[in-house]
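Colleague: I have just opened this model and would enjoy a short tour. Could you take my questions one by one?

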Amino acid sequence: MLNLKNITKIYKTSSFEQKALDDVSISFRNNEFVFILGESGSGKTTLLNIIGGLDNSYEGDLIINGKSTKNFKNEDFDSYRNNLLGLVFQNYNLINHLSVLENVELPLKLANVDYKKRKELALLSLKKVNLENYIYKKPNELSGGERQRVAIARAIVNNPKILICDEPTGNLDPKISMEIMEILENVNKDGTTILMVTHDISIVEKFKKRVIALKDGRLVKNYERGYFKREDL
């Protein structure tokens with residue numbers, strides 16, 4: 001589904017250069033669940049931004065379903081994000097003056113889906129995260145775990161093929177983190193590839209998925225499912 005070939009990303013200022021990714025090549029398969037590990041500054045967020053089509057100023061090639069993105073225009077990346085991708089962030093990124101239902105509907109509204117259809121899809125998405133009874137609440141009336149479930153519902157409302165999660169349990173206690181992980185597992189079982197950055201090694205050990213690790217912008221470990229060893233990092 002996704003292939004990264006020799007990706008190098010350098011941030012430049014007038015006084016210095018920082019290599020965020022250094023010749024990274026890796027492939028992700030359909031329906032995989034992959035944890036991405038690495039210390040702060042290792043290149044994890046840059047990697048997600050490139051996979052998400054949010055950053056296209058790099059050397060190398062991102063290949064989507066066998067198609068190179070080297071000649072993609074902005075509208076091609078927009079189509080990729082709108083049709084294939086869902087994004088989940090640590091800080092939820094919900095709009096506080098909108099209801100839960102309106103937040104989940106937003107991607108559909110931007111895609112010009114008609115009102116009846118987008119409400120139907122949003123309610124279905126909220127049901128998947130067990131929040132169908134919270135549709136008229138505002139984000140500031142919810143707990144952190146509930147906000148993250150709304151964010152997941154919004155990210156999957158378009159039935160994406162790829163879900164990118166940047167520290168989705170980072171602000172949550174262990175019990176709620178497990179609940180979020182179980183929801184993500186169900187999303188994965190429904191056919192969505194999940195790429196998840198995390199610092200929580202206990203989650204990685206418990207769920208036994210494929211694991212990749214970055215260090216100083218380089219891919220240093222690539223464990224197939226169930227072979228991760230904490231002591232190797």
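Predicted model: local features only at pLDDT ≥ 70, side-chain atom pairs only at ≥ 80, totals over all residues.

**A first tour**

Colleague: Where is N31 found?

Modeller: N31 is not a glycine, yet has a positive phi of about 65 degrees. Its relative accessibility is 44%, so N31 counts as partly exposed. As for its place, N31 is found in the loop between β2 (17-28) and β3 (33-37).

Colleague: And Y92, is that residue buried or exposed?

Modeller: Y92 is in the loop between β6 (85-89) and α3 (100-110). Although not a glycine, Y92 has a positive phi of about 75 degrees. Buried means under 20% relative accessible area. Y92 has a relative accessible area of 11%, so Y92 is buried.

Colleague: Which residue has its charged end over the ring of F207?

Modeller: F207 is one of the residues that F35 touches, and others include M181, M196 and I203. The charged end over the ring of F207 is 5.9 Å from its centre, and it belongs to K206.

Colleague: What kind of aromatic pair do F72 and F77 form?

Modeller: The count of aromatic pairs comes to three. F72 and F77 form one with 5.2 Å centre to centre and 65 degrees between the planes. Planes over 60 degrees apart count as edge-to-face, so the pair of F72 and F77 is edge-to-face.

Colleague: What is the angle between the planes of Y223 and F228?

Modeller: Y223 is buried, and F228 is buried too. They form an edge-to-face aromatic pair, 5.4 Å centre to centre. The angle between their planes is 80 degrees.

Colleague: Last one: which side chain of opposite charge is nearest to R118?

Modeller: R118 lies in helix α4 (residues 115-128). Leaving aside neighbours within four places in sequence, R118 is in contact with L108, K109 and V113, among others. R118 is buried yet has no salt bridge. A salt bridge needs the side-chain nitrogen within 4 Å of a carboxyl oxygen, and the nearest side chain of opposite charge, 4.1 Å away, is E105.

Conventions: Residues numbered from 1 in each chain as written. Heavy atoms only, no water. Contact = heavy atoms within 4.5 Å. Phe/Tyr/Trp six-rings, centres within 6.5 Å; stacked < 30°, edge-to-face > 60°. Buried < 20%, exposed > 50% of the residue type's maximum accessible area, 1.4 Å probe, protein only. Lys NZ or Arg CZ within 6 Å of the ring centre and 35° of its normal. Helix = DSSP H or I, 4+ residues; strand = E, 2+ residues; numbered from the N terminus. Lys, Arg positive; Asp, Glu negative; His and termini not counted.
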